[in-house]
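This report looks at how the inside of a protein model is put together. Please look over the sequence and the structure before reading on.

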Amino acid sequence: MKILILNGPNLNLQGRRDPEIYGSRTFESFFEELKTRFPGVQLDYFQSNHEGVLIDTVQQADGHYDGIVLNAGGYTHTSVALRDAVAAVSLPVVEVHISSILAREGFRHTSLLAPVAKGSIMGFGLDSYRLGVEALLNPIA
């Protein structure tokens with residue numbers, strides 16, 4: 001199985017940005033641990049701060065991956081175009097967030113991705129990504 005982990009804007013700052021919310025561990029160090037935890041799975045990782053690049057990456061993943069674990073960052077709440085890309089591809093996309101978007105500012109409470117994602121996982125820190133991978137590996141009917 002091949003799974004793409006796709007991170008949106010500002011997630012390149014993981015470990016430095018608001019550590020009281022997102023923790024102090026870098027995503028790169030966590031990703032190495034994640035690959036070790038799932039040795040039979042090809043996990044690839046990509047991050048971009050640019051909406052169009054994220055859209056292109058979702059579209060290009062279709063047919064090359066078995067699923068996407070997507071943390072769209074702030075685009076979760078604003079990008080109709082990214083939502084449409086997720087809806088257009090045939091592979092399952094699991095939306096993840098490090099913090100609980102429902103426990104944050106009001107403008108973060110709405111996810112444009114949730115209605116077109118296979119599911120949403122939030123609030124478990126970086127472990128949200130592990131749960132997202134497991135959701136793709138063990139689909140519920």
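Which residues of helix 5 are buried?

## Helix 5

The model is a predicted one. In helix 5, which runs over residues 127–137, the buried residues are Ser128, Tyr129, Arg130, Gly132, Val133 and Leu136.

## Helix 3

Helix 3 spans residues 51–61, and its buried residues are Leu54, Ile55, Thr57, Val58 and Ala61. These buried residues line one face of helix 3, because they fall within an arc of 160 degrees when seen down its axis.

The buried residues of helix 3 pack against strand 1, strand 2, strand 3 and helix 4 (80–88). After helix 3 comes Gly63, which has a positive phi, near 90 degrees.

## Nonpolar cores

The largest nonpolar core has 19 residues, and those touching the most other members are Ile5, Leu34, Leu43, Val69, Tyr129 and Val133. At least two residues of this core come from each of strand 1, helix 2, strand 4 and helix 5. Helix 2 gives the largest share, four residues.

Beyond its neighbours within four places in sequence, Leu43 is in contact with Ile3, Phe31, Leu34, Lys35, Phe38 and Val133. Another core, of 18 residues, lies apart from the largest one; its members include Leu54, Val58, Tyr75 and Val93. In soluble globular proteins, nonpolar side chains tend to be buried together.

Key
Residues numbered from 1 in each chain as written. Predicted model: local features only at pLDDT ≥ 70, side-chain atom pairs only at ≥ 80, totals over all residues. Heavy atoms only, no water. Buried < 20%, exposed > 50% of the residue type's maximum accessible area, 1.4 Å probe, protein only. Arc of directions from axis to C-beta. Contact = heavy atoms within 4.5 Å. Core = buried A, V, L, I, M, F, W, Y, C linked by side-chain atoms within 4.5 Å.
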